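Please read these notes with the model open beside you. They go from the whole chain to a single residue.

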Amino acid sequence: MKQVIANMAGTVISVLVNTGDEVQAGSDVVMIESMKMEVPVAAEVSGKVKAVKVNPGDFVNEGDVLIELEG
């Protein structure tokens with residue numbers, strides 16, 4: 001299983017994908033606000049979204065799993 005991991009701590013502003021969506025490597029999947037900056041988090045690999053682990057408004061720490069991909 002492939003995972004998209006938070007690269008910094010912050011608050012999830014938006015989730016840009018839904019379960020079942022196909023994503024390409026390099027595609028932005030989540031937006032995080034950290035230190036008053038909006039930071040996109042991109043998928044490092046292509047795949048199908050198996051699970052979305054966060055919701056807008058959630059606080060995440062560096063290393064938390066945001067999205068799980070399969071395929």
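1. Of the contacts in the chain between residues at least 6 apart in sequence, 57% link residues at least 24 apart. Contact here means heavy atoms within 4.5 Å. The model is predicted: local features need pLDDT of at least 70, side-chain atom pairs count only at pLDDT 80 or more, and totals for chains, interfaces and linings use all residues. Numbering starts from 1 along each chain as its sequence is written, and side-chain values use heavy atoms, with hydrogens and water left out.

2. The chain has 8 strands and 0 helices, so the order of elements from the N terminus is β-β-β-β-β-β-β-β, where helices (H or I, at least four residues) and strands (E, at least two) are DSSP runs numbered from the N terminus.

3. The radius of gyration of the chain is 11 Å, which agrees with the value near 11 Å for a compact globule of 71 residues. This radius is taken over C-alpha atoms, and the globule rule is 2.2 Å times the number of residues to the power 0.38. The C-alpha trace spans about 35 × 20 × 20 Å along its principal axes.

4. Of the 71 residues in the chain, 32% are buried. Buried means under 20% relative accessible area, exposed over 50%, and partly exposed in between (1.4 Å probe, protein chains only).

5. What is the size of the largest nonpolar core, and which residues have the most contacts inside it? The core has 16 residues, and V29, V30, L66 and I67 have the most contacts inside it. Strands β4 (28-34) and β8 each supply at least two of its residues. A nonpolar core is a set of buried Ala, Val, Leu, Ile, Met, Phe, Trp, Tyr and Cys residues joined through side-chain atoms within 4.5 Å.

6. L66 deserves a separate look. Beyond its neighbours within four places in sequence, L66 is in contact with residues including V4, I5, A6, V30, I32 and V41. Its other partners include A51, V52, K53, V54 and V60.

7. E70 lies in strand β8 (residues 65-70). E70 counts as partly exposed because its relative accessibility is 38%. Neighbours within four places in sequence aside, E70 is in contact with G47, K48 and K50.

8. The end C-alpha atoms of residues 1-70 lie 6 Å apart, and the span is 56% strand and 0% helix.
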